[in-house]
Amino acid sequence: MALLETQTVTKKFGGLNALQNVDLKLEKQEIVGLIGPNGSGKTTLINVIAGFYKPDSGRIFFEDREITGLYPHDIAHRGIVRTFQLTRPFGNLTVLENVTIGALLKTRIVEEAEGKALEILRSVDLYEMRNSRSKDLTTGNRKRLELARALAVEPRVLLLDEVLAGLTTSEAQSILSLIDKLRREQGVSFLIVEHIVRAIMTISDRIAVLDAGEKIVEDTPESVAANETVRAIYLGKEHV
Amino acid sequence: MPFPRNLLILTILAAVIPILPLPSYFFHILIMLLLFSYLSTAWTIVSGYAKQISLGHSSFVGLGAYVSTLLLIYFGVTPWFGAVAAIAVSLAVAVLIGFPAFKFGVRGPYFSFATMALAAILESIFISARKITGGSLGISIPYKESWAYFQFSSKIPYYYIALLTWFLAVTLAFSIERNWFGYYLMAIREDEDAAEAVGINVTRSKLIALLLSVGLTAWGGVFYAQYNLYIDPATLFGLPLSFQIATTSTIGNPKRWIGPTIGALVLVPFSEILRVVTGATFGSLSFLLYGALLIIVARFLPNGLHGLMTEKAKQ
């Protein structure tokens, strides 16, 4: 069994099928990109895996144990941590306090957690901003903070919900190389939801495409890029 | 964790005050000051740190006072043991309201309304159980001076008990603030979903904060009953007391351990002066002014008077 696996996950909102029988696998140290048009269910899938929504049917496994329907904090304890599409820093707290709170999951000693938080802030280039109030940060720095806080929890799987949106090309590039480094050096696996298809193609091992709640394609970036159905979804049928 | 030296100095200074030949009225004011600092510090643990704003904390002052008093009057149980029962009952009631509220996401103003409703329900229960509680006329506790019955002819022992419990409450608030639990409560105050996402059990943390707060508050009720020797439902369960506790902390700084004490230092003398100047005729005037003060502080001083003081100190 893969490290993280969803089996026929279905989630309905009223009459709308937000997710329909979605099967997805994520192996250790793997990066899987999740793409699809607006409203195709990408964020819903993250919410279901991270425990924020309960699926209507289907099961989710992590490290051979079922995690379907567990609370978000339980799932974070097991090693799956998500970020939010619209960044959600603890706004009135400093950057350092934000990341320290993440680090307190693994140690209860504040000084130790702070030390670890400072290390992580260095790695995401936020060290200089450590004493700023987090709601005053720019979009780019808020995305970095979102990532830093998640990293402080020492996740084995990171679910990243559009961490690149709203960043400049060079900012996006530095986040991408950080992701790659985390995968190589710490063996972290990533499920990355992204709107910017080009960015995700370069870094992902596999790409899964969602459309109207269904997984329509799952393949290597090259094959997905060449796939007729995917092109039809993104560009419109008449262009294919 | 460096212990705040100012707190120690303040406490020691307060402990030597009784050497001075001061009138007992002066000690009455000091005891009220310590009691309201204490109650607001207790409130701040759940409502300031975690922002689960209770507007019904009088529920637990009332339960504390009534449980220990009824045990004393009907069964001759000393208030020292009565306090244990009073705290236990208050904690049970807090779990009854807190667990479902937190579990099912009763957030923000809805939680405040729920706590207000609790106080209103308890008030009418204690009024209508007239045969046992004396109804709205309340209960006078027969005077029997002794340590065993927690009754003293002088104000000084009450003063020391109030000082000690205040010191313990403020120390607890301080250590929570500097520990992982305080960081968890801050995270919950800022964003509950984000807190869950980094592994914080939000429901459990809120419940623990509520129980710490309620346990302390119930003792405040026991103390009030034994100090005042008269309790009635309107005073102890009523909205004015809940609002006074909340206002005191909010004006000081609900996010810091010393905030509620600063609030009480301003509000207790303020309302006492007001009472002396205007007399009983304008009893509600103080609440009008409380309201005005609260609006001013909420609008212009997000971190209360304490925030204002620390900003001035930095300049």
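Biologist: Which residue of E5(A) is the bridge partner of A:Phe62?

Modeller: In E5(A), that partner is A:Arg65. This is a predicted model, in which local features need pLDDT of at least 70 and side-chain atom pairs count only at pLDDT 80 or more, while totals for chains, interfaces and linings use all residues. Residues are numbered from 1 along each chain as its sequence is written, and chains are lettered from A and ligands numbered from 1 in the order in which they are written.

Biologist: What makes E4(A) and E5(A) a pair?

Modeller: Strands (DSSP runs of E, at least two residues, numbered from the N terminus, as are helices, runs of H or I with at least four) pair if DSSP finds at least two bridges between them.

Biologist: Why are E2(A) and E5(A) called edge strands?

Modeller: The open antiparallel sheet runs E2-E1-E4-E5 in chain A. Strand E2 (16-26) and strand E5 (65-66) of chain A each have a single partner strand, so each has one side without a neighbour in the sheet.

Biologist: Why is B:Leu229 called partly exposed?

Modeller: A residue is buried with 20 or more other C-beta atoms (placed from the backbone) within 10 Å of its own, exposed with 12 or fewer, and partly exposed in between. B:Leu229 has 15, so it is partly exposed. B:Leu229 sits in the loop between H10 and strand E2 (230-231) of chain B.

Biologist: What does B:Leu229 contact beyond its neighbours within four places in sequence?

Modeller: Contact requires C-beta atoms, placed from the backbone, within 7 Å. By that rule B:Leu229 is in contact with B:Ser140, B:Ile141 and B:Tyr143. The C-alpha atoms of B:Leu229 and B:Ile139 are 8.3 Å apart, although 90 residues separate them along the chain.

Biologist: What makes a set of residues a nonpolar core?

Modeller: The members must be buried Ala, Val, Leu, Ile, Met, Phe, Trp, Tyr or Cys, joined through C-beta atoms within 7 Å. The largest such set has 156 residues, with A:Ile80, A:Ala148 and B:Val198 making the most contacts inside it. Helix H10 (residues 202-228) of chain B gives the largest share, 13 residues.

Biologist: How do you know where this core lies relative to domains 1 and 2 of chain A?

Modeller: Domain 1 (4-79 + 155-239) and domain 2 (89-152) of chain A, with bounds from an automatic or database domain assignment, both give residues to the core, so it lies between them.

Terms used. Two residues are in contact if their C-beta atoms, placed from the backbone, lie within 7 Å.
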